[in-house]
Amino acid sequence: MNIFGGNSFMNQYNKAKMNQQAQPQGNPQGGGAGKGAKSVLFAFKMVILILFLGVTALQSFYTLSENEMAVITTLGSPSSVTTSGFKFKWPYIQQVHKMSKEIRGMSIGYDPDYDPYNHTNSENNPITVPSEAEMITNDFNFVNVDFYIEYQIVDPVRAYINSESAISILRNLAQSYIRDTVGSYGVDEVITTGKAEIQTKVKTLLTERLEQEDIGYGINNVTIQDAVPPTDAVNDAFKAVEDAKQGMDTKLNEAKKYQSEQLPAANAKADKALKDAEAFKQERISEAEGQVSRFNDMYDEYAKYPLITKKRMFYEMMEEVLPGLKVIVDGSDGTQTVLPLDSFVDGNAKGGAE
């Protein structure tokens, strides 16, 4: 280290040391040189002490931001610090290993790095990794699926202990559960309707397994970035299927809308019909009850005066029948006489030939 202007201090110190060794003991002429060497040696020791104290002071404190946490190892024994701010530690005995609290991502099925051949960002032109993306479904079809796994440190001590292997373990487990889950669905579900269910299932299985492995990491989210058949022809066919399903959903929504519009009117008509039927029912009941009452009255009269009642009933019946009746009398001389019977109704005896 260059201290006090290059190597001049060390040169002076070396010269004084050599003079002190060359000067015989007890020689009064070497007393001044000995004192100079001692003063230089004392100054050198003071500088070393100051440097040591400065380094010790720097080693005694550290800071953590809001997005950081730390693992403190005390003679190899780890402990975690998750709060931010200015912190103290024992110098030389404790070591600080800072970690990020932020959510990180892992791509499976595509390469998120820059493409040096096309000079484009992979977010706009992702590079497929066939060994990760190609999968087989339960109906023996091939499909390319890209996943994005979001993960975060949940236990800094366990993450520090497994720092060398944690990410590789997480990646291997994610690929395994992704393939198992995709392999339990049909290709149509993987590409169209089953994405949300697959994402949820992979997240659940992966979270449970990471808790068992206890590597200090947890899963925040699992997302299917893309799912397509391996060929353009098959891809077009699935797009047509998806369009048909969307058309079906549109028709179902229109039918439900029509149902919601027509159902109140139909219910109103049904209520009106029920009310009309109830009114007709009451009318018929009232009419029947009236006829029964009239018959009972008539029977009471008949019981009192049977003969008079019979005649009255006969006359009433004739009043209803005879006005529309004509009687033709065929005479013995071959002539026919029509007798109008209206006079019987009016009570006037009229007759005449027509």
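**Salt bridges, cores and strands**

The side chains of Arg171 and Glu132 come together in a salt bridge, with 3.1 Å between N and O. Arg171 belongs to helix H5 (residues 166–182) and Glu132 to helix H3 (residues 130–133), so this pair ties together parts of the chain that are 39 residues apart in sequence. The model is a predicted one.

Arg171 has a relative accessible area of 25% and is partly exposed. Glu132 has a relative accessible area of 13%, and because anything under 20% counts as buried, Glu132 is buried.

A search of the whole structure gives 7 salt bridges. Another of these joins Arg158 to Asp214, where the closest N and O atoms are 3.4 Å apart. This pair also links distant parts of the chain: Arg158 is in helix H4 (residues 156–161), while Asp214 is in the loop between helix H7 (195–213) and strand E11 (217–228), 56 residues away. Both partners are partly exposed, Arg158 at 25% relative accessibility and Asp214 at 36%.

A further salt bridge is formed by Glu287 and Arg284, with 3.2 Å between the closest N and O atoms. Here the two residues belong to one helix, H8 (residues 232–304), and because they are 3 residues apart, about one helical turn separates them. Glu287 is partly exposed at 37% relative accessibility, and Arg284 is partly exposed with a relative accessible area of 46%.

From charged pairs we turn to nonpolar residues. In soluble globular proteins, nonpolar side chains tend to be buried together. The largest nonpolar core in this model has 34 residues, and those touching the most other members are Phe147, Ile149 and Leu206. Several elements each supply at least two residues of this core: strands E2 (68–74), E6 (104–108), E10 (142–153) and E11, together with helices H5, H6 (187–193) and H7. H5 gives the largest share, 7 residues.

What is Leu206 in contact with, once neighbours within four places in sequence are left aside? The contacts of Leu206 are Ile149, Leu170, Leu173, Ala174, Tyr177 and Ile219.

E2 is part of an open sheet of 3 strands, ordered E3-E2-E5, with antiparallel pairing. The edge strands are E3 (77–81) and E5 (94–100), each of which pairs on one side only. From one strand to the next, the twist averages 25 degrees.

Strand E1 (residues 61–64) has two faces: Tyr62 and Leu64 are on the covered one, and Phe61 and Thr63 are on the uncovered one.

Methods
Residues are numbered from 1 along each chain as its sequence is written. This is a predicted model: local features need pLDDT of at least 70, side-chain atom pairs count only at pLDDT 80 or more; totals for chains, interfaces and linings use all residues. Side-chain values use heavy atoms; hydrogens and water are left out. A salt bridge is a side-chain nitrogen of Lys or Arg within 4 Å of a carboxyl oxygen of Asp or Glu. Helices (H or I, at least four residues) and strands (E, at least two) are DSSP runs, numbered from the N terminus. Buried means under 20% relative accessible area, exposed over 50%, partly exposed in between (1.4 Å probe, protein chains only). A nonpolar core is a set of buried Ala, Val, Leu, Ile, Met, Phe, Trp, Tyr and Cys residues joined through side-chain atoms within 4.5 Å. Contact means heavy atoms within 4.5 Å. Two strands pair if DSSP finds at least two bridges between them. Axes are lines fitted to C-alpha atoms, for helices over the stretch in contact, and angles run from 0 to 180 degrees between N-to-C directions.
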